[in-house]
Structures are given as structure tokens and as C-alpha cells.
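Take a look at the chain below. We will walk through it step by step, from the overall fold down to single residues.

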Amino acid sequence: MQPTATVLVYSDDSNTREQVRLAAGRRPAPDVPPVRFVECATPGAVVKELDQGGIDVCVLDGEAVPMGGMGVCRQIKDEIFDCPPVLVLIARPQDAWLATWSRADAAVALPVEPVEFASALASLLRRKALLGA
């Protein structure tokens, strides 16, 4: 496994991006590498970062404006070769079916609950490590 995992965080709201960083901490679980964050506030920035490569997991805000994270997720799953796993932040637990439609690999309800979020992020990082091995 690489020494650092790169996590892309997309939200038009800087407070949501901060919640994600604080919930994950430096290392979401002892058995995954420390994380480095790349923040994006627009869908175009997300695609640009993914095109450059090196992203291990994407965290997308389903409530972002002008394009929600679920729409961005569906787009990148269609357009990005070997798209990294995606964790979508949803408004309500009942919106999980929308996350499934978007082809997200996991979903966590807003506001970000640190233990639940860190667990979901760590799970995706483990999966990425297994697929990359």
C-alpha cells in the first residue's frame, strides 16, 4: 500500500469540506494509510483532478450546487477510466437509493458523523488497496 492515500472532496460548501477533513482525521483507521485531501468546489475541477490521476477515493457532496455529488458520481463512473471508489454524502438516509442510482460505492448521511464517515472511508481505502494489489 502506498504511504499516503489521496482523497478528493467535492462540495461547493467549504464547511462540508471541513467536516469531511475533520471526520477522517489524518488516518481514518489504523490499517489504512494516512490521507491527504484534494478539495474541489466545482464539477469541472473534479474531472480535471481525476484526469491527472493519483486519486484513491472520492467524497462527493450530494447537496452541492450547481451539480450534486450523485450527478457527478454518475458522470465520472461513465467517463473516467478506472474511476476510484466514490463515497456520496446524502441529505437523508432514505436517499440511499439515489446513491445506488449514481453508482456510488458507499453513502453516508449529512451532517457528517465522524465514526460512521471514517469507517466508510477506511472501507473504501481497503478495497482500493486490494484492487490495486
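## A walk through the fold

Follow the chain along its sequence and you read the pattern β-α-β-α-β-α-β-α-β-α. That makes five helices and five strands. Keep in mind that this is a predicted model.

Start with the overall form. The C-alpha atoms fill a box of roughly 35 × 30 × 25 Å, taken along the principal axes. Of the 133 residues, 46% count as buried.

Next, the surface. The chain exposes about 6,700 Å². Carbon and sulfur atoms supply 54% of that area. As for charge, the chain has 13 positive and 17 negative charges.

Now zoom in on helix α2, residues 43-52. Which of its residues are buried? They are P43, V46, V47 and L50. These residues cover an arc of only 95° around the axis, so they sit on the same side of α2. An α-helix has 3.6 residues a turn, so residues three or four places apart point the same way. The other side of α2 carries the exposed residues G44, K48 and Q52. What do the buried residues of α2 pack against? Their partners are the strands β1 (5-10), β2 (35-40) and β3 (57-61), together with helix α3 (69-79). Just after α2 comes G53, which takes a positive phi of about 85°.

Move on to α3. Its buried residues are G69, M70, V72, C73 and I76. They cover an arc of only 155° around the axis, which puts them on the same side of α3. The face turned away from that buried side carries the exposed residues D78 and E79. What covers the buried residues of α3? The cover includes strands β1, β3 and β4 (86-90). It also includes helices α2 and α4 (96-101).

Helix α5, residues 114-132, holds L125. Is L125 buried or exposed? L125 has a relative accessible area of 4%. Buried means under 20%, so L125 is buried. Leave out residues up to four places away in sequence, and L125 touches A5, P28, V32, V35, D56 and V57. Compare the positions of L125 and E79. These two residues are 46 residues apart along the chain, and their C-alpha atoms are separated by 21 Å.

S123 is also found in helix α5. With a relative accessible area of 39%, S123 is partly exposed. S123 and A24 are 99 residues apart in sequence. In space, their C-alpha atoms are 12 Å apart.

One runs from V65 to P66, with omega near 10°. P66 is found in the loop between β3 and α3. Another cis bond runs from L110 to P111, with omega near -5°. P111 lies in the loop between β5 (106-109) and α5.

Two further loop residues deserve a look for their phi angles. Where is D82? It is found in the loop between α3 and β4. D82 has a positive phi of about 55°, although it is not a glycine. With a relative accessible area of 58%, D82 is exposed. R103 has its place in the loop between α4 and β5. Phi of R103 is near 70°, again a positive value in a residue other than glycine. R103 has a relative accessible area of 35%, so it counts as partly exposed.

On α2, find the side with P43, V46, V47 and L50, then turn to the exposed G44, K48 and Q52. On α3, find the buried G69, M70, V72, C73 and I76, then the exposed D78 and E79 on the face turned away.

Conventions. Residues are numbered from 1 along each chain as its sequence is written. This is a predicted model: local features need pLDDT of at least 70, side-chain atom pairs count only at pLDDT 80 or more; totals for chains, interfaces and linings use all residues. Side-chain values use heavy atoms; hydrogens and water are left out. Helices (H or I, at least four residues) and strands (E, at least two) are DSSP runs, numbered from the N terminus. Buried means under 20% relative accessible area, exposed over 50%, partly exposed in between (1.4 Å probe, protein chains only). Accessible areas come from the Shrake-Rupley method with a 1.4 Å probe; for residues, only the protein chains shown count as cover. Lys and Arg count as positive and Asp and Glu as negative; His and the chain ends are not counted. The place of a charge is taken as NZ of Lys, CZ of Arg, CG of Asp or CD of Glu. The arc is that of the directions from the helix axis to the C-beta atoms. Contact means heavy atoms within 4.5 Å.
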